[in-house]
Amino acid sequence: MASKPEKNLETFPNPFINRDYHIHMEIPEFTCLCPKTGQPDFATLILDYVPDKKCIELKSLKLYIWSYRNDGVFHEAVTNLILDDLIAVLKPRYIRLIARFYVRGGIFTNIIVDHRKKGWRSKSMIPIGELSGKLNFRE
């Protein structure tokens, strides 16, 4: 696998396809560029998903996230683009992405997007409505 930014997301087979389980990731080093000023924007991405047949391979996710470093894109657009790409490769039962952008001009911006597979309902006690932002394993 390459060690340079790329938009290719790789997956691997879900090892427990018959069970709903929650995967939580925090990505504190997301950067892109403001399309108006060209200045860097920094964010922490919080990704939560319940896999179906596939799981995301972490190194490819890291390189994918890194690929936005020089892209001029609005916060709302990049958050939705990332979610769309993850949905396309994973086809998850459920996925939510929160982008917590650092302060710019005295304003913090949080973008929250999610997707649920048509007809899917959790079979377990996973609190889907409470997934994102509630877990911080470093506290």
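Lys-91 sits in the loop between α2 and β5, where helices (H or I, at least four residues) and strands (E, at least two) are DSSP runs numbered from the N terminus. Its relative accessibility is 53%, so Lys-91 counts as exposed; the cut-offs are under 20% relative accessible area for buried, over 50% for exposed, and partly exposed in between, with a 1.4 Å probe and protein chains only. The phi angle of Lys-91 is near 50°, a positive value in a residue other than glycine. Most residues other than glycine have a negative phi.

The model is predicted: local features need pLDDT of at least 70, side-chain atom pairs count only at pLDDT 80 or more, and totals for chains, interfaces and linings use all residues. Residues are numbered from 1 along each chain as its sequence is written, and side-chain values use heavy atoms, with hydrogens and water left out.

The chain as a whole has two helices and six strands. Along the sequence their pattern is β-β-β-β-α-α-β-β. Of the 139 residues, 41% count as buried. Of the contacts (heavy atoms within 4.5 Å) between residues at least 6 apart in sequence, 71% join residues at least 24 apart.

The two helices come next. Helix α1 covers residues 58-66 and helix α2 covers residues 75-90; they pack at an angle of about 150°, with their axes 12 Å apart. That angle makes α1 roughly antiparallel to α2. Angles under 35 degrees count as roughly parallel, over 145 as roughly antiparallel, 65 to 115 as roughly perpendicular and the rest as oblique. Axes here are lines fitted to C-alpha atoms, for helices over the stretch in contact, and angles run from 0 to 180 degrees between N-to-C directions. On the α1 side the contact is made by Leu-61, Tyr-64 and Ile-65, and on the α2 side by Leu-81, Ile-82, Asp-85 and Leu-86. These residues divide into six nonpolar, no polar and one charged. In this scheme Ala, Val, Leu, Ile, Met, Phe, Trp, Tyr, Cys and Pro count as nonpolar, Asp, Glu, Lys and Arg as charged, and the others, Gly among them, as polar.

Within α1, the residues Ser-60, Leu-61, Leu-63, Tyr-64 and Ile-65 are buried. The elements covering the buried residues of α1 include β2 (23-33), β3, β4 (54-56) and α2.

At the N-terminal end of α1 the cap is Glu-57, which has a side-chain oxygen 3.2 Å from the backbone nitrogen of Lys-59. The side chain of Glu-57 also reaches the backbone nitrogen of Ser-60, at 2.7 Å. Glu-57 belongs to the loop between β4 and α1, and at 23% relative accessibility it counts as partly exposed. Its C-alpha atom is 6.4 Å from that of Phe-12, although the two residues are 45 apart in sequence.

Asn-14 lies in another loop, between β1 (11-13) and β2. With a relative accessibility of 8%, Asn-14 counts as buried. A polar contact of 2.6 Å joins its side chain to that of Tyr-21; a polar contact is a pair of N or O atoms within 3.5 Å, and within protein one must be able to donate a hydrogen and the other to accept it, while residues adjacent in sequence count only if both atoms are side-chain atoms. A polar atom of the Asn-14 side chain is also 2.9 Å from the backbone nitrogen of Phe-16. Not counting residues up to four places away in sequence, Asn-14 touches Tyr-21, Pro-51, Asp-52, Lys-53, Lys-54 and Cys-55.

Thr-44 is placed in β3 (residues 40-50) and, at 15% relative accessibility, counts as buried. Leaving aside neighbours within four places in sequence, Thr-44 is in contact with Ile-27, Pro-28, Ile-98, Ala-99, Arg-100 and Tyr-102.

Arg-104 belongs to strand β5 (residues 94-104) and is partly exposed, with a relative accessible area of 29%. Its side chain makes a polar contact of 3.2 Å with the side chain of Gln-39. Beyond neighbours within four places in sequence, the contacts of Arg-104 are Cys-34, Thr-37, Gln-39, Pro-40 and Asp-41.
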